[in-house]
Structure formats: C-alpha cells, structure tokens
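Here is a set of questions and answers for someone opening this model for the first time. Please look at the sequence and the structure before reading on.

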Amino acid sequence: MPKKSPRFYITLFLIKVITKIMRLLKRNATNLPGVVALKLCPDILAQLEKPKTIIAVTGTNGKTTVSNMIVDALEYNGYKFMNNRFGGNIQTGIISTLIDNTTLSGKIKYDMAVLEIDERSANRIYPYVKPDFLVCTNLSRDSFKRNAHPEFISDILNKYIPKETKLILNGDDLISSHLAPENERICFGISWEDDEESITDNIIKDIVMCPVCNSVLQYDFVRYNHIGRANCEKCDFGTLPIDYDVVKRDYENRKLTIKTPEGEEEYRLVGDNITDSYNMVAAITLLREFGLSKEQVNNAFENMKIVETRFNSEEINGKQLIINLAKGQNPIACSRACDFVRKHDGKKAVIMILEDFYDAKNTTENIAWIYETDFEFLNQEDITQIIVGGKRSSDYMVRLLMAGIPKEKIKCCTSETDTPNFLDISSVDKVFILYDLFNVDSLKSIQEQVKNKLLSGGNLS
Amino acid sequence: MKIEILFPEFCNLFGDIGNIKYLKECLPDEEFIETSFQSEPRFISEDVDFIYMGAMTERIQEKVIEKFMPHKQRINDLIENGTVFLFTGNAMEVLGEYIEDDGRKIKCLGLFNFYAKRNMMARYSGLVFGKFNDIDIVGFKAQFTMAYGENDNSYFIKTIRGIGFNKDSNFEGIVRNNFFGTYLIGPILILNPLFTKYLLEKMGVESPKIAFEDEVMEAYYKRLEDFKNPKIEV
C-alpha cells in the first residue's frame with residue numbers, strides 16, 4: 001500500500017465534511033463523496049486502508065440480495081464489520097464506503113468488510129481491494145451500454161480477480177463457474193428435481209458452444225437461459241463438481257436441503273422463486289466456507305426476509321397484490337419475472353414500468369433489450385390484462401403484439417402513474433407490478449392506487 | 001423465397017434477433033433457413049434471396065472470419081449479383097480489410113475498403129438519426145470499435161445526429177448494390193418500418209406489407225420526434 005500523502009489527508013477531511021453536510025440535507029452520500037475524492041486524490045483507493053478480511057459479492061443478477069443475506073447473517077451472529085448495503089457498488093461507491101469507515105487519522109475502523117462490487121468495475125477496484133472471498137452469483141447479458149456481453153465481463157474479471165481470492169461460484173452457470181481458473185473455488189448449485197419444468201424456450205442462451213474446443217455442449221438439464229448442467233461432447237470442459245448442492249426445495253414446509261461437504265443440511269427457505277434459492281445457496285456456501293456453523297447460518301435465516309422493495313405480496317379484499325423487481329435493460333432478470341408471473345395460478349393482471357429512469361430524463365432509451373426478454377411468457381389465457389406505462393410504451397405495444405398477445409389485452413400509457421386507471425380488478429385474482437429498480441417512486445404511487453382500488457372493490461378510478 | 005440467417009445462436013447480441021422475429025411476421029409464408037455455426041452456410045451451395053447476420057462477441061467474430069475466408073469469392077459474387085444482405089453491429093467488419101486490437105491485426109475478408117480499430121476499454125454508445133435516400137432512419141449504437149476508410153460514396157446513412165463510421169464521420173455503414181451493412185444494433189427493421197418496406201421490395205416482395213403496421217408506425221413517429229429533438233442527448 002502506498003504511503004499516505006498530505007493530499008490524501010486533506011481529501012479525507014474534505015470528504016468527511018461533504019458527507020456530513022449531505023446527510024444533514026438528507027441526501028444519499030453513496031457515490032458523490034467517492035466521485036469528489038477521486039478528483040481530488042486520484043490514487044485515493046490505493047492509499048485508503050482496507051479491512052484485514054474482505055468478503056465481496058459480484059455477478060449480473062442477485063448480488064444485492066446475496067450481499068444483504070450475508071450482511072444480515074453475520075450481523076445476527078454478532079460480527080462487527082463495514083458494508084456498502086446502503087452505498088454504491090462501483091469504484092466511487094466503494095471509495096465512499098471506505099472513507100466513511102476511516103478515521104480522520106486515516107485508520108480503518110473495522111477488521112472486516114462485506115462489499116457488493118459491480119462486475120464491470122473489477123478493473124478499477126480489485127487492484128486495490130483484494131477480497132479473501134469473492135462470491136459470483138452468475139454472469140449473463142445485462143445493459144448493452146455498460147456491460148456489452150458476458151464474455152467481455154468475464155474477461156475483465158479473469159484479468160483482475162486477485163490470485164489469492166477464494167471464489168464461491170455458481171456451478172450451474174458455465175460462464176461464471178470457470179472464472180479465474182487458477183484460483184481456489186467452491187461451487188454451489190441446485191440439482192434437478194423430477195417435477196421441475198425445464199425452460200428451453202428462452203430467447204437468449206449465453207453459452208452454447210464449448211469455449212475450449214468449439215464443440216456443441218450437451219446439457220443434462222437446462223433450468224432457464226444458460227443456467228443448467230452441461231458437458232462438452234469432445235473435451236473435459238463442463239459443469240464442475242458441486243460442493244454445496246440443493247437437493248430438495250420444499251416450498252410447503254419452507255425447507256431447503258443442501259448436500260454439503262459435511263453432509264446434508266436443512267435451512268429455512270426464503271422466497272418463492274428459483275432465483276431466491278440460488279441466492280440463498282450462494283450466501284450459505286459463503287457463510288459456511290467463512291466458518292459459520294450450520295446452526296449459526298440457519299438461525300440467521302429463520303427470520304430473514306427479502307427486502308420489501310424487491311418483492312412483496314399482500315392480500316387485499318381477497319385478491320393478491322404482488323410487486324416484483326424485474327430490472328429494466330436486463331433481459332434475464334426481466335424474463336425471470338415474466339416466468340414468475342406465468343407460474344402463478346388464477347386470473348392475472350400485469351402492470352409493467354420497466355423504462356430506464358435516467359434515459360427517460362436525458363435521452364431516449366435503447367429498447368433493443370426488450371427483444372431479448374421473454375415477454376412471450378405473458379401470452380397465456382389466465383393473464384387477462386397487461387398495462388404498460390412510460391414514454392416508450394408504444395414500443396412495448398409492438399413487442400407484446402410480437403409475443404402473440406392479443407391487442408385487446410394490452411393497454412399502454414405514457415405516464416407510469418396512470419397505469420392503475422386501466423386496471424379492471426373485477427376479472428382478476430392477482431395483480432402484479434413489475435418494475436425497474438430506479439422507478440421506485442412511481443412504484444409507490446401505483447402500489448397505493450392499486451391498493452385503494454382493491455380496497456374499494458374497484459370503484460375508484 | 002429463401003431467407004438465410006447466419007449463426008443465430010451466436011450472432012444475436014443486442015436484441016438483433018428482433019429483426020428475424022419481425023421478418024418472420026412480415027413474411028409468414030417464406031422459407032427461413034437458420035444456419036448454425038456447425039453447418040455450412042446455405043448461400044455457398046445455392047442462391048438465397050436474403051442473408052442476415054447480426055452482432056456477435058469479438059471471439060466469435062474471429063471464428064466467423066475464419067469460416068468465411070474460403071468463401072470470400074462466393075460472397076463477393078453474391079454481392080455483385082445483387083443478392084440482398086443485411087449485416088448489423090460488428091458483423092459488417094468481417095467483410096472489411098482488418099480489425100486492429102491492441103497492436104494485433106486481425107485479417108478480414110477484404111471485400112470492403114475499410115478497417116476497424118477495437119478498444120475493449122472504451123465502449124461507445126449513442127443514438128443515430130439520419131437519412132437513407134429519403135427515408136428517416138433512427139437507431140442505436142453500442143460498440144467497441146470505430147471504422148476508418150472510404151465510405152463517402154458508399155454509405156448507408158447520412159447522419160444528421162450521432163456519429164457515422166467514426167466520431168469524425170457523418171457517413172454510417174456501407175451499401176454496395178443490395179448489401180447493407182451498419183453498426184446500428186438491435187431490431188432496426190422494427191424501428192425503421194419504411195426501410196423495412198424498401199428492403200422487402202429489394203428482396204422481391206411486391207407491394208410489401210409489414211406486420212403490425214399501425215403500431216410500428218406509431219412507435220416510429222414517436223421515436224423520430226425524440227431523435228429530432230435537440231434537447232435529447234445523442
């Protein structure tokens with residue numbers, strides 16, 4: 001670590017003042033302090049002290065949830081550490097978090113950190129912040145603008161993941177499980193269950209050919225997109241041995257059974273989605289490898305809940321209102337949300353607000369990603385209404401028609417918060433709101449309006 | 001009519017697959033041949049009416065160049081004979097002179113007089129608004145490369161907003177006979193219904209009708225309005 005310069009101390013002092021003022025003004029001091037710090041002292045990340053033990057979580061989907069699970073479980077078990085749960089996950093966010101947890105004399109306050117790290121930012125972070133453990137939840141297509149394609153992201157990670165980092169990887173993802181091949185690794189996964197339905201009709205599959213010898217991969221099973229287990233027909237590339245393998249998911253009794261190196265272990269199952277199980281097994285693998293006992297982990301999971309803004313379900317007047325984060329510009333996350341909707345029983349209405357908040361403000365969104373998203377999943381008889389709000393709703397109209405959805409089921413409006421006006425609750429049992437991460441303000445308004453509509457039996461407009 | 005889609009399992013990045021879905025909607029009775037990378041392209045052994053290839057990863061791009069190299073003359077003949085092609089995103093680079101990448105020179109087919117410079121740590125994203133003949137074209141770019149070379153007399157789009165071949169160019173893409181190459185990504189045929197009609201005519205469709213015409217046109221006019229708005233960042 002380079003010696004701390006006078007410039008470093010001045011920057012540290014100024015950033016602490018800025019952070020304090022921002023908090024007094026009730027502003028999020030998550031990224032901006034890091035942005036300013038980097039301008040004032042370009043090598044600040046190198047000069048900042050780091051905790052002795054660093055757990056990092058990265059990946060395209062699920063990193064926030066897994067990170068939160070790890071933080072909750074460690075806190076529950078009395079660990080004291082810093083984390084960026086309410087901070088940014090790119091370079092400037094990590095700088096903000098580190099400065100926040102550094103004394104004015106430049107000493108780091110904690111011996112340990114749990115950090116969610118954006119996968120695209122590996123080149124700017126890992127040369128200075130070297131995780132002891134790195135969980136990678138999965139790698140798949142994401143924003144075209146920033147992340148291009150998974151091969152690009154895995155190349156960056158391969159180049160910058162420190163050699164000494166122990167990797168906790170998704171064995172059911174042939175892209176991320178082969179990251180940094182020289183590093184020590186532990187794989188988690190979910191075994192195929194006999195009554196499980198394979199989803200082979202996804203539009204995108206990010207790995208179809210062996211990256212070593214170019215032969216076709218033979219899949220034992222495909223869960224969705226490229227998630228599954230496969231082997232190359234000509235060379236030894238394929239799914240690695242799964243160290244923590246979910247062998248049973250019992251939704252009725254809320255139990256998750258995992259085959260671990262120490263035998264079968266049972267945990268309380270959090271969430272209803274297959275991705276919730278992937279997130280859980282990722283977090284459990286990390287926690288067990290970190291040294292927590294089965295009991296310590298399970299006790300923490302007993303009371304755990306997925307953050308309400310990401311998923312919430314409530315019953316109002318005999319009907320269910322379900323909000324689910326779908327993540328705009330992320331075709332796999334959004335397709336998972338569509339799959340989640342189609343698997344629910346009963347008559348359903350779906351409200352979608354998926355447009356990018358920042359693009360809508362400054363430019364016009366590249367909507368190409370909606371052609372990689374499986375909106376075809378919403379084309380079923382029991383989904384009777386699809387209401388789309390946003391400036392680009394006419395693009396969604398075309399996309400939904402191309403998914404085979406009859407025009408009479410689709411309503412589009414340019415204002416997101418007008419969507420509840422088109423909702424007819426008399427003919428449905430469940431209302432889903434699929435939303436993008438940055439549309440939380442609109443979500444709250446829509447949620448409130450739909451609630452009122454359900455409470456009044458649909459008499460309010 | 002035979003429509004050949006080249007390597008759809010790979011050449012499908014950035015929503016380009018939407019073009020194929022849309023063509024199938026527009027031409028429900030025509031034959032679509034989806035040629036996988038493991039197979040020989042159909043155009044090598046027989047004439048097809050339209051050949052499409054979409055954006056791909058950089059590694060796949062090199063494999064495609066390798067695969068095409070022995071068939072360079074055939075591809076050239078098809079272009080000269082007026083077969084309709086549409087290559088989107090980085091697919092067009094395969095037919096250029098070479099791709100420069102961090103000091104490495106990747107030899108391409110050399111059918112077009114341009115080369116590309118790749119910088120994996122400098123991704124360009126932006127909007128393009130311009131004209132192809134009298135048709136307003138709108139589209140999106142997201143790329144690691146910039147192209148250099150002579151396309152002043154063979155461009156696809158004269159840009160009004162956004163960049164052309166590179167940041168200093170107002171000429172986007174390449175046209176030769178019925179070959180259309182563009183760095184635009186995504187479902188450009190859905191975003192540009194008037195161009196789609198033009199392309200269908202070139203493919204031999206008489207009085208072409210496009211699928212979901214009213215809705216597609218509505219979305220097109222809304223987007224045009226945005227792209228023409230100087231307050232919108234490109």
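A residue is called buried if 20 or more other C-beta atoms lie within 10 Å of its own, exposed if 12 or fewer do, and partly exposed in between, with C-beta atoms placed from the backbone. Helices (H or I, at least four residues) and strands (E, at least two) are DSSP runs, numbered from the N terminus. This is a predicted model, in which local features need pLDDT of at least 70 and side-chain atom pairs count only at pLDDT 80 or more, while totals for chains, interfaces and linings use all residues. Residues are numbered from 1 along each chain as its sequence is written, and chains are lettered from A and ligands numbered from 1 in the order in which they are written.

Q: Which helix of chain B gives the largest share of the side that touches chain A?
A: Two residues are in contact if their C-beta atoms, placed from the backbone, lie within 7 Å, and the contact takes 33 residues from chain B and 23 residues from chain A. On the side of chain B, α1 (17–26), β8 (124–132), β9 (135–143) and α7 (213–228) each supply at least two residues. The largest share, eight residues, comes from α7(B).

Q: Are α4(A) and α10(A) roughly parallel or roughly perpendicular to each other?
A: The axes of α4 (residues 63–76) and α10 (residues 294–302) of chain A, which are lines fitted to C-alpha atoms over the stretch in contact, with angles running from 0 to 180 degrees between N-to-C directions, come within 9 Å and cross at roughly 110 degrees. Angles under 35 degrees count as roughly parallel, over 145 as roughly antiparallel, 65 to 115 as roughly perpendicular and the rest as oblique. The two helices, α4(A) and α10(A), are therefore roughly perpendicular.

Q: Is A:Gln218 buried or partly exposed?
A: A:Gln218 is found in strand β7 (residues 217–224) of chain A, and, leaving aside its neighbours within four places in sequence, A:Gln218 is in contact with A:Ala230, A:Asn231 and A:Glu233. Because 13 other C-beta atoms lie within 10 Å, A:Gln218 is partly exposed.
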